[in-house]
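Subject: Structure handover

Hello,

Here is the structure I promised to pass on. Please open it alongside this email. My notes follow below it.

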Amino acid sequence: MSPVRTRLLRAGPEAVAEAAALLRAGALVAFPTETVYGLGARAFDPAAARRVYRAKGRPSDNPLIVHVASSGDLPRVVRRVTPLARRLIAAFWPGPLTLVLEKTARVPAAVTGGRSTVAVRCPSHPAARALLRALGEPIAAPSANRSGRPSPTAAAHVRRDLGGRIPLILDGGPCRRGLESAIVDARGRRPVLLRPGTISPERIARAAGAPVEAPGRSAPAAPGTKHRHYAPTCRVVLVPPALVRNGALGRVKTPRAGLVHRAPFSGKRPSFVRRVPGDVSAYARALFSSLREAEAAGVRTLYVETVPDRGVGRAVMDRLRRAAAR
Ligand code: TXA
Ligand code: MG
């Protein structure tokens, strides 16, 4: 892959028009969404999709999410909008919810990893919406990180991973949610949660009018979730809040340690500390950028405080466990 000059432009109307022109020509453009930054390509162009896999270093069996400007674009992408999908769309679109449905013939196998289903979502970020409208067709976009790395929640993160590989990054500031969308298989009667997100399972169940199911043998989890993920270059160790509060962590003599926490900390502070006080949503927003900051600060072992595994915390813990897996 020969290096290209990567420009970073504020996501104003001119930059969006330029991004749309690049996409139309088959090039890749990174753009902000409310969850994380996406690496976009024309969804109906298999060659552009293959470029996405190459730029990310992503295994080709891990399908991409197709982004649409509104539910009006769905007939081009999915064969049937199930009653369950309708309810979820009414409740959460535009927003951080991705639906898995049967795909149309138009969606190339390169986008879906050869599957008969497609993952589709309608983002709420104004720049993403403006870009979709300017292009006038759906955009396939995974998170704009190199495969396996923490998802980018700021334009600078994208530049660090994909600089020299893509011509343009639209800068829309930090992402409001900070974690990727929830993914729900909506083909049946009950929602099957393939990846938790910042829309909690409880809210999904309420909108669906049916309990949320875990992926079973018949409906495997999103293929991407089986790969090692969200890994900064430092080792991630999860610690419960009690160990942050009671000073036990302050006695650990790990060289070049770092800490990301919510609870008040006592004991000797490591040189890298990010405190993210407040609710779990704030913690979710700051998580990936904290991992990247720790890495940039030369941290070798990063202690990260856990949160209760419910509501938005379910998504936080899902990502944290993957970051800590080795
Ligand atoms: O918030 C998000 O969803 C962000 C922004 C950019 O929209 N995108 C994102 O894409 O997180 P990515 O590629 O990093 O994650 C997509 C996930 C992967 O785990 C993939 O396996 C799953 O979606 N996926 C895609 N198509 C699928 C399908 N047909 N069935 C099951 N899972 C699918
Ligand atoms: Mg990703």
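Which strand is joined to β1, and by how many bridges? The partner is β8, residues 168–171. Four bridges join the two strands, and they run parallel. Within that pairing, Leu-9 sits opposite Leu-170 of β8. Please keep in mind throughout that this is a predicted model.

**Two domains**

The chain splits into domain 1, residues 7–208, and domain 2, residues 235–324. Their C-alpha centres are 28 Å apart. Domain 1 puts 24 residues into the contact, and domain 2 puts in 16 residues.

**The ten-stranded sheet**

One open sheet has 10 strands with mixed pairing. The order is β1-β8-β2-β3-β7-β4-β6-β5-β9-β10.

Now go to β9, residues 182–185. This strand pairs with β5 (residues 97–102) in the parallel sense, over four bridges. There, Leu-99 stands opposite Val-184. With β10, strand β9 pairs in the antiparallel sense, over three bridges. In that pairing, Ile-183 has Arg-195 as its bridge partner. β9 and β10 make a hairpin, with six residues between them.

Are the side chains of β9 buried on one side or on both? Both faces are covered. Ala-182 and Val-184 are buried on one side, Ile-183 and Asp-185 on the other. As background, side chains in a regular strand alternate between the two faces of the sheet.

**The four-stranded sheet**

A second open sheet has four strands in the order β11-β14-β12-β13. The pairing here is parallel. Its edge strands are β11 (235–239) and β13 (272–275), each with pairing on one side only. On average, neighbouring strands are turned by 15 degrees against each other, direction ignored.

β11 pairs with β14, residues 301–305, over five bridges. Val-236 stands opposite Leu-302 in β14. Helix α11, residues 312–324, lies across both β11 and β14. The helix runs at about 135 degrees to β11.

**Salt bridges**

The structure holds 16 salt bridges. Here are some to look at.

Glu-180 bridges to Arg-319, with the closest N and O atoms 2.7 Å apart. This pair links distant parts of the chain, 139 residues apart. Glu-180 is in the loop between β8 and β9, while Arg-319 is in helix α11. Are these two residues buried or exposed? Glu-180 has a relative accessible area of 4%, so it counts as buried. Arg-319 is at 0% relative accessibility, so it counts as buried too.

Glu-213 and Arg-190 also meet in a salt bridge, at 3.1 Å from N to O. These residues are 23 apart in the chain. Glu-213 lies in the loop between α8 (201–208) and β11, and Arg-190 in the loop between β9 and β10. Glu-213 is partly exposed, because its relative accessibility is 32%. Arg-190 is partly exposed as well, with a relative accessible area of 40%.

Arg-76 and Asp-73 form another bridge, their closest N and O atoms being 3.7 Å apart. Arg-76 is at 27%, so it counts as partly exposed. Asp-73 is at 16%, so it counts as buried.

There is also a salt-bridge network. Its members are Arg-149, Arg-160, Asp-161, Arg-292 and Glu-295.

Finally, look at Asp-45, in the loop between β3 and α2 (46–56). Which side chain of opposite charge is nearest to Asp-45? It is Arg-42, 4.1 Å away. A salt bridge needs the nitrogen within 4 Å of the carboxyl oxygen. Asp-45 is buried yet has no salt bridge. Leaving aside neighbours within four places in sequence, Asp-45 is in contact with Gly-26 and Pro-108.

Best wishes

Definitions and conventions:
Residues numbered from 1 in each chain as written. Chains lettered and ligands numbered in written order. Predicted model: local features only at pLDDT ≥ 70, side-chain atom pairs only at ≥ 80, totals over all residues. Heavy atoms only, no water. Pairing = 2+ DSSP bridges. Buried < 20%, exposed > 50% of the residue type's maximum accessible area, 1.4 Å probe, protein only. Lys, Arg positive; Asp, Glu negative; His and termini not counted. Contact = heavy atoms within 4.5 Å. Domains from an automatic or database assignment. Axes fitted to C-alpha atoms, helices over the stretch in contact; angles between N-to-C directions.
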